[in-house]
Amino acid sequence: MTHRSRVAVAALALVALAGCSGQDEPVATPSTTPAPTSSTSSATTELSPQQRELTAQQVRVVLPQVQDLPGSWREVDVRDTSRLTAEPPECRDLYLRGEAAQGLRDDHLGVASAAAFTSGERRLEVSLLTFDEVVPQTVLEQAGQVVGPCSTHTVDLGDGPSDVAVSGLPVDEVGDQSLGLTTTTGGRPEQRLLVRSGHTLLVVVHRGDVDDPGALLHDVAQGMLDRVG
C-alpha cells in the first residue's frame, strides 16, 4: 500500500467515528473524574522503527496533510504553547511543559513539527517531537500523577489566564506509553492523547462532536506510528 493510501485509510477514521449530536456546543465534561488511561510496555534493547529517533523526512511523512483528510478540512495555524504557564505550576506536566519534558526539549530535541486543521466546529491538531535519547517514562507518568491535583487549574498562553477542568479519558494503548485526557475551557471540551514511542512523543488533540473521541485519538496516533518506516 502506498503512503498516500495508508494516510487516507487512517484519515477515514475522522468520518467513520464522527457523529452529529444536534447540539451547538459539545457536552461539558461531567463532574466525576475517571482515572486517566496510562499504559506502558516493557523496554527492549532492540528498538523498532517506531521507537527510533526520526529524521526530518520521516517526520514529514508521518504528519497528516490537509489533502489526506476526507471532507472539508482546511489547514490553520498551530497554537503556540512555548510560553505556556499554569497555576498550580505542576499542571504544566499535562501539556508536556513541565520540568522533565521541558528539560528534554532543551537538551535532546532533534525535530519538532505540528499541523492543525478545522472543519466547521471541529479542530484536529497533531504534534510530533523526536529526541536523540529515549523519552523517559517519567514524562508521561508525571502528567498522569497531576490529573487529580490539577482537576481545576488555570493556563496562560501569553494572552491571559483561562480556567481549565481536566479529567481522564479512556483510550486503548498506543506506543510504549499513552495517556488520554479531556480538558475543558469555557464549557468547550478538548480530548487529547499523549503518546511515548521510544525516542518520540506524539500529541493528538481534537475538539468538536464525535461519537467516540478515545477511538478517534487512538486511530490518528496509531496511523501516524504505522507510517514510520
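This is a predicted model: local features need pLDDT of at least 70, side-chain atom pairs count only at pLDDT 80 or more; totals for chains, interfaces and linings use all residues.
**Second largest cavity**

I sorted its residues by type and got seven nonpolar, two polar and no charged. The names I wrote down are Gln50, Leu54, Val62, Leu128, Thr200, Leu202, Met224, Leu225 and Val228. Strand 10 and helix 6 (213-226) are the elements that each put two or more residues into that lining. For the volume I noted about 30 Å³. I also searched the whole structure for cavities of 30 Å³ or more, and two came up.

**Largest pocket**

Next I went to the largest pocket, where the space comes to about 730 Å³. I counted 32 lining residues, and those nearest the centre are Arg79, Thr81, Tyr95, Leu157 and Arg192. Which elements give two or more residues to this lining? My list reads strand 4 (109-119), strand 5 (122-131), strand 6 (152-156), strand 7 (161-168), strand 8, strand 9 and strand 10. By type, I get 15 nonpolar, seven polar and 10 charged residues around the pocket.

**Threonine 130**

Is threonine 130 buried or exposed? Its relative accessible area is 0%, so I put it down as buried; the cut-off is under 20%. I looked for what its side chain reaches and found the backbone nitrogen of leucine 54, at 2.9 Å. Leucine 54 was already in my notes, as one of the residues lining the second largest cavity. Leaving out residues up to four places away in sequence, I have threonine 130 touching Arg52, Glu53, Leu54, Val59, His108, Leu109, Gly110, Val111, His199 and Thr200. Thr200 is another name from the lining of that cavity.

**Helix 5**

Last stop was helix 5, residues 138-145, where I found Val139, Leu140 and Ala143 buried. Seen down the helix axis, these buried residues fall within an arc of 90°, so they line one face of helix 5. The general rule I keep in mind is that an α-helix has 3.6 residues a turn, so residues three or four places apart point the same way. What covers the buried residues of helix 5? I noted helix 4 (99-108), strand 8 (177-185), strand 9 (188-197) and strand 10 (200-207) among the covering elements. Strands 8, 9 and 10 were also on my list for the lining of the largest pocket.

Conventions:
Residues are numbered from 1 along each chain as its sequence is written. Side-chain values use heavy atoms; hydrogens and water are left out. Buried means under 20% relative accessible area, exposed over 50%, partly exposed in between (1.4 Å probe, protein chains only). Helices (H or I, at least four residues) and strands (E, at least two) are DSSP runs, numbered from the N terminus. The arc is that of the directions from the helix axis to the C-beta atoms. Contact means heavy atoms within 4.5 Å. On a 1 Å grid over the protein atoms alone, a cavity is a set of points where a 1.4 Å probe fits but cannot get out, and a pocket is an open set with protein on both sides within 12 Å along at least five of seven lines; lining residues have an atom within 4 Å of a point. Grid points are joined across faces, edges and corners, and a volume is the space filled by probe spheres set on the points. Ala, Val, Leu, Ile, Met, Phe, Trp, Tyr, Cys and Pro count as nonpolar, Asp, Glu, Lys and Arg as charged, and the others, Gly among them, as polar. A polar contact is a pair of N or O atoms within 3.5 Å; within protein, one must be able to donate a hydrogen and the other to accept it, and residues adjacent in sequence count only if both atoms are side-chain atoms.
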